[in-house]
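Work through the exercises below with the sequence and the model open. Try each task before reading its solution.

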Amino acid sequence: MLEDDMNAPTPDPRASRDPGTRPDPRASRDPGTRPDPGAPRDPGTGTSRRAPSLTRPDGTPVRVLVVDDDPDLAEVLSGALRYEGWEVRTACDGASAAAGARELLPDAVVLDVMLPDTDGFAVLRDLHTVLPGVCVLFLTARDAVEDRIAGITAGGDDYVTKPFSLEEVVARLRGLLRRSGMARRVDEGPRLVVGDLSMDEEAREVTRGGDLIELSPTEFELLRFLMRNPRRVLSKAQILDRVWSYDFGGQAHVVELYISYLRKKVDAGRDPMIHTVRGAGYVIKPAAAR
């Protein structure tokens with residue numbers, strides 16, 4: 001629990017928490033306050049938005065895929081997430097979830113365990129083939145310990161049982177995204193952080209575990225591109241296009257050479273963060289915990 005039930009605010013009577021009823025899609029998308037009638041609204045849903053407190057490392061909106069076969073629940077959830085300033089897409093079954101993930105490339109997925117054509121565990125396995133580092137928050141009506149263990153064992157990052165509060169879902173997603181390096185606070189300034197590796201883009205300083213790392217301009221740009229896309233596999237063609245600004249064509253050795261330079265400086269004497277995905281490219285992610 002995120003806060004003691006005795007101290008919890010009085011629930012909005014329009015937003016039922018009774019598991020036997022569906023949430024009222026007309027209810028406030030921010031459970032603690034009524035929407036500001038003067039606030040900008042999402043043209044698709046009419047949901048009030050606020051300035052995002054959390055963004056992707058490159059400053060673009062966090063991307064979330066909501067997968068649930070209950071359209072009312074999916075609408076309420078997506079409304080709460082859009083209110084955070086995030087880009088949200090919904091899916092009602094496993095097939096549409098796979099298609100949505102390929103198009104959106106989400107940073108996080110809110111995933112119901114029970115779906116009409118499959119289960120959430122199978123969907124997660126498919127998602128990980130496309131997005132191995134995506135954060136996954138399972139939703140389920142089953143709260144037995146063995147069900148929680150099954151969700152985490154399957155590769156889920158967290159688990160929320162129905163009925164739930166929207167505040168809890170949003171707070172858990174914020175925590176998952178920050179811990180994974182998928183997002184950063186807007187007020188953190190021009191700093192990229194992945195695990196114990198930190199980059200100040202304005203000062204052009206890089207540290208790992210507090211130790212300063214000296215980089216050449218090209219090494220800095222390559223590392224910046226990797227850190228702006230944590231846990232995402234980047235192909236040599238993508239890296240060439242973004243860092244060297246020319247098309248892929250027999251220049252793969254340039255990427256390989258500079259990746260080797262970075263590894264000697266970033267990973268030397270430490271648990272590795274820069275990894276090669278054979279046949280696909282390179283990815284940076286926090287070092288595995290011992």
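**Exercise 1.** Are H1 and H5 roughly parallel, roughly antiparallel, roughly perpendicular or oblique to each other?

*Solution.* Some ground rules come first. This is a predicted model: local features need pLDDT of at least 70, side-chain atom pairs count only at pLDDT 80 or more, and totals for chains, interfaces and linings use all residues. Residues are numbered from 1 along each chain as its sequence is written, and side-chain values use heavy atoms, with hydrogens and water left out.

Step 1: identify the helices. Helices (H or I, at least four residues) and strands (E, at least two) are DSSP runs, numbered from the N terminus. H1 covers residues 71-83. H5 covers residues 166-180.

Step 2: take the angle. Axes are lines fitted to C-alpha atoms, for helices over the stretch in contact, and angles run from 0 to 180 degrees between N-to-C directions. H1 and H5 pack at about 55 degrees, and their axes are 10 Å apart.

Step 3: classify. Angles under 35 degrees count as roughly parallel, over 145 as roughly antiparallel, 65 to 115 as roughly perpendicular and the rest as oblique. H1 and H5 are therefore oblique to each other.

Step 4: list the contact (heavy atoms within 4.5 Å). H1 contributes Val76, Leu77, Ala80 and Leu81; H5 contributes Leu166, Val169, Val170 and Leu173.

**Exercise 2.** In what order do the five strands form the open sheet?

*Solution.* Step 1: find the pairs. Two strands pair if DSSP finds at least two bridges between them. E2 (residues 63-67) and E4 (residues 108-112) run parallel and share four bridges. Val64 has Ala108 of E4 as bridge partner. E2 and E3 also pair in the parallel sense, over five bridges.

Step 1: read the order. It is E3-E2-E4-E5-E6, with parallel pairing. The edge strands are E3 (87-91) and E6 (158-161), each pairing on one side only. Neighbouring strands are turned by 20 degrees against each other on average, direction ignored.

Step 2: H1 lies across E2, E3, E4 and E5, at about 170 degrees to E3. H5 lies across E4, E5 and E6, at about 155 degrees to E5.

**Exercise 3.** Is Thr140 buried or exposed?

*Solution.* Step 1: set the cut-offs. Buried means under 20% relative accessible area, exposed over 50%, partly exposed in between (1.4 Å probe, protein chains only).

Step 1: apply them. Thr140 lies in E5. Its relative accessibility is 1%, so Thr140 counts as buried. Thr140 touches Asp112, Val113, Tyr159, Val160, Thr161 and Lys162, leaving aside residues up to four places away in sequence.

Step 2: Four of the five residues of E2 are buried, so E2 is largely enclosed by the rest of the structure.
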